[in-house]
Amino acid sequence: MTTRRAFISKSLGVAILGGTMPSFLATAAGAQALPALGSTIDPGNVLLVIQMGGGNDGLNTVVPYTDDAYHRVRPTIGIAENTILKINDRIGLNPALTGLDALYKDGRVAIVQGVGYPNPNRSHFEATQIWETASPDRPTATGWLGRYLDRTVAQTPVDVSDTARLFPAVSLGDTVPAALVSQHVDVPAIGALGTYGLNAGRDTASKQTAGVLYDGARPGQSPYLGMIERTARNAMHGGDVLKAKIASYVPAAEYPKDNFAQQLRLAAQIVGSRVGTRIIFVSIGSFDTHAGQRTQQDRLLGYLGNGLRAFYTDLAAHALAESVLAMTFSEFGRRVAQNASNGTDHGTAMPLFVVGGKVKGGVYGEHPSLTDLDRGDLRHATDFRSVYATVLQKWLGRDSTGVLAGSFDTVAFV
Amino acid sequence: MKLDTSTDPQVGYRPPGTLDIASALARYDGPFTKRHAAHLLRRAAFGGTATEVDTSASFGMMGAVDALLHPARADLAFSDFPDVASLYDQKNRNAVAQMWWLDRMLRTQHPLAEKIAFLWHGHFATSIRKVPAPLMIAQIDMFRQLGLGNFRTLLLAVAQNPAMLVWLDNRANNKAHPNENFAREVMELFALGLGNYTEDDIKNAARAFTGWTLDATQNFVYRPNQHDDGPKSFLGTTGNLTGEDVIATIVKAPIHQRFICRKLLEFFVYSDPEPELIDALSQTYALSGYDVAHTVATIFRSNVFYSPRAYRAIPKSPVEFVVGLLRFMDVAEVPKDTPYWLARMGQDLLAPPSVKGWDGGPTWINTSTMLARFNYINRIVKAAPPRATAPPMSTTTAIALGTFPALTPDRIVARAGGIDADRVLATLVSDAVQDDTTSDVRKTLAAYLQSANATIPTPLSPENYQEKIRGALALTLQLPANQLN
């Protein structure tokens, strides 16, 4: 078992800014609430969900490099054995995943192989809905994380000083993903901290006025009025509250400049400022590599791995690496055989990564066979709802049967 | 596997107070002020300028409803398709198609037909993310043509609509391999509601729709050799049923009449309508022979429609909010960034989140969507066109002048009768939200107009009225009343 200190020092290649943790952060970390007696689950645990949009090709992410069938069906886009970042004598990581490989060597990455579901859907839109609502059989309005929030966040009105209620979960993008759609919990979409708030231009008086405009404006009898007033008030103040809260968090790693890494930088600030956020949703794409796959996918996987390495280096320096579990997902993997454009078309099962200071690193599940196929596609080994059930029960401490409308086996990665 | 429906959210909140069912659908004969006219225009159209509201009020209730049902003039000449090539451009086609429809919503002289098309778009929710853009546009045209007519005709057209045949896979439904996707949704989501049919009904309906597919040019075609013409049993009817028979059987079912009347009441009157109200409207609908125009006209002339319980009782959808704002501000051309803002408000037009459409109601309201609405108001209301004396903009930075509001501070001053804070405020609050606010809010807005502050260091005056009035109008449009229909 790697200690936290070893985890920090062995996370290679990213400069840790400053030799020791600032004392106020050490205090904040030490003051973290203890888990309830009899429970091993820390109520401060945060889930970071990473959407790899467009359908990530699993076979060139976690490569079965010793399988002849792999090199046979991928004559030009197959990855040469001598460049693979080897995991074991069967599989290895895409060479662009050096950042993730460093975390793997620290024992902080679980690779869950062959994740999917029965009768897979190959439409981007429908498959994304299936993954985000965790409902393959019928359309459902709420997302799997939204239903978790509905069961854990009180329905009482939000006080604007209560950041745990203002930001129980955040989407670091312009919109709220289907996964976070809930019945009654407000999930802010924060594309960038600077633009999360009222933009009144130079007219600061207009902004001040707007801040006091939502008290007691009651035409008619609409039951929606109070809801609109409260929401508007929270919206007017929430951005300022969040900015003030996270101002004192100093990132302790050099993040890459790309948009994904910058989302992770903000995620670390939110985690480190202890505003009470349990779920953070980020996305990276597009992995829809129908043509010229190697260049595009390798670039994106580089962003993924390097961003995560910076993120966990930063968190580790703040003694928070054990507080965040990150998991990836994508709406589908891609076809086993490459197409005529040096790309791959829409397929089925793929590997997921689960990363974090408390994750039991290793490989979970069997790699799907490349020869025993279902109409040319991989057969899934692990239902994606098993991964969700694991995260819900063993990381967020919540029974998953209601959220997932069924009972699913858990995976041992945490 | 047993389906779990407990994860679906409630539809919305019924207003407090009690319904007088005896008079609910009887003709309203109370006063018809500009508040009533604005209410009618918000619900049955996409709102209007202050002058248009005044005009509608002057017609009286019956005249105002007739003007919507039977527009005196032919509509403007709209082109059938936007630039067709752009519809095949993967990157921009969604925005191109959205802009085409938003432009129509903004400028049409027949707004009820457009509003009905918008209603059916949300009901028969089909998405451009799966369906080619030209088929989506043709589907919206079909809603526009048939949306106010006979519902059986509409439902048959939907079943044979190329966009729908792609969306719910009926093009792949044939005798050898039945595909139940459309058969299931036509009952669950389009016409009957969950629990009002059996799995056998779905199987038999799917068989009846076999052979309804697309030809090589993406037009509907019936292929008899793919059709299962064996005996079928559907909702108690037995025989060699065709797709047409299934549609006719669905529409005749009393549960369908309640299902569709509930939908119309939710869209036009208020959320979660009382069962008695649904039953009363169902009788109107059935007696009319499933005539949508007759049914919605009954609503627009009814006591319940003009009751305080229905007034500002439904959150505006983002599309209604945006088009309403552009119409009120008298903007001639939809600004090109509008689809981006709509997505941030939670409504990607032509791309509903699933076959269930948008849930609407309380789900439109959260901190992010409210900020998007407020910032869109600021973006529209505070945009001032370049002064005539300014040097011409380069072609790369030129902004279409039509996207600037014709509702200028000068026009507001003219309506108010001078640059006077009290008069300007009274005009703003009356025109923008029909006085639906409180004296406290008026005081706050007056303070904004009259206070010296860092950005505009003097009270309202001929020197600063442009900026001050734009600011005060933006604040007025942010009020909760303007988030409600």
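A residue counts as buried if 20 or more other C-beta atoms lie within 10 Å of its own, as exposed if 12 or fewer do, and as partly exposed in between, with C-beta atoms placed from the backbone. The model is predicted, so local features need pLDDT of at least 70 and side-chain atom pairs count only at pLDDT 80 or more, while totals for chains, interfaces and linings use all residues. Residues are numbered from 1 along each chain as its sequence is written, and chains are lettered from A and ligands numbered from 1 in the order in which they are written.

In chain A, F384(A) has 22 C-beta neighbours inside 10 Å and therefore counts as buried. F384(A) lies in helix α12 of chain A, residues 384–395; helices (H or I, at least four residues) and strands (E, at least two) are DSSP runs numbered from the N terminus. Leaving aside residues up to four places away in sequence, F384(A) touches V115(A), G116(A), Y117(A) and W131(A), where contact means C-beta atoms, placed from the backbone, within 7 Å. V112(A) is 272 residues from F384(A) in sequence, with 9.8 Å between their C-alpha atoms.

Chain B contains 22 helices and 4 strands. Its radius of gyration is 24 Å, close to the 23 Å that the globule rule gives for 485 residues, so chain B is as compact as a globular protein of that length. The radius is taken over C-alpha atoms, and the rule is 2.2 Å times the number of residues to the power 0.38. Along the principal axes, the C-alpha atoms of chain B fill a box of roughly 80 × 60 × 45 Å. Buried residues make up 53% of the 485 residues in chain B.

Within chain B, the axes of helix α5 (residues 93–107) and helix α16 (residues 318–328) come within 9 Å and cross at roughly 50°. Axes are lines fitted to C-alpha atoms, for helices over the stretch in contact, and angles run from 0 to 180 degrees between N-to-C directions. L102(B), M105(B) and L106(B) of α5(B) meet V323(B), L326(B) and R327(B) of α16(B).

Between the chains, 57 residues of chain B are in contact with 54 residues of chain A. On the side of chain B that touches chain A, two or more residues each come from α17 (338–345), α18 (367–381), α21 (439–450) and α22 (465–477) of chain B. The largest share of that side, 7 residues, comes from α18(B).

Key: Contact = placed C-beta atoms within 7 Å.
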